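User: I would like a close look at a single part of this model. Please keep the account plain and give the cut-offs as you go.

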Amino acid sequence: MRKNNRILVKEGSGNVFRDLGFPNPEREQLKARLTLEIYRIIKGRGLTQMAAGGILGIKQPHVSALMRGQSGNFSVERLMDFLTALGQDVQITIKPARKEHGGVSLMLG
């Protein structure tokens, strides 16, 4: 006998952290995107975690966590500092929101 199991699907908001009920979902999404960019730069340059730690001023286990997508206790500001240490320019643009509540986005160039 075959059961008719239905899978309920709900369209996401575009921010998985909001969908999962995280506090401050915009900040968490921004941290995730910054961490991904740090990962890409380190991998693209072929840096070891020790070498990357020397550039970033952190110990290898913290680099390892970043490489696994775990921004941990690093603030958005600290992640931006890591990007500048890796030779990247970080630009923040503030403009009026199209909705009542503003949002945060990241543009990679």
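Which helices do the buried residues of helix 2 pack against?

Analyst: This is a predicted model, in which local features need pLDDT of at least 70 and side-chain atom pairs count only at pLDDT 80 or more, while totals for chains, interfaces and linings use all residues. Residues are numbered from 1 along each chain as its sequence is written, and side-chain values use heavy atoms, with hydrogens and water left out.

The buried residues of helix 2 pack against helix 1 (16-19), helix 3, helix 4 and helix 5. Helices here are DSSP runs of H or I with at least four residues, numbered from the N terminus. Buried means under 20% relative accessible area, exposed over 50%, and partly exposed in between, with a 1.4 Å probe and protein chains only. On that basis the buried residues of helix 2 are P25, E28, L30, K31, L34, T35, E37, I38, I41 and I42.

Helix 2 has 20 residues and spans 28 Å from its first C-alpha to its last. That is close to the 28 Å expected at 1.5 Å a residue, where the expected span is 1.5 Å times one less than the number of residues. After helix 2 comes G46, with a positive phi near 65 degrees.

R40 also lies in helix 2, but R40 is partly exposed at 46% relative accessible area. Between R40 and E28 there are twelve residues' separation in sequence and 18 Å in space, C-alpha to C-alpha.

L34 and I42 belong to the largest nonpolar core, which has 19 residues; together with L56 and F82 they touch the most other members. A nonpolar core is a set of buried Ala, Val, Leu, Ile, Met, Phe, Trp, Tyr and Cys residues joined through side-chain atoms within 4.5 Å. At least two residues of this core come from each of helix 2 (25-44), helix 3 (49-56), helix 4 (60-67) and helix 5 (76-85). Contact means heavy atoms within 4.5 Å. Apart from its neighbours within four places in sequence, L34 is in contact with V76, L79, M80, L83 and L106.

Rings of Phe, Tyr and Trp (its six-membered ring) pair if their centres lie within 6.5 Å; planes under 30 degrees apart are stacked, over 60 edge-to-face, and the rest tilted. The F17 and F22 rings are edge-to-face because their planes stand at 85 degrees, with centres 5.3 Å apart. F74 and F82 are also an edge-to-face pair, 5.0 Å centre to centre with 80 degrees between the planes. F82 is buried at 1% relative accessibility, and F74 is buried at 13%.
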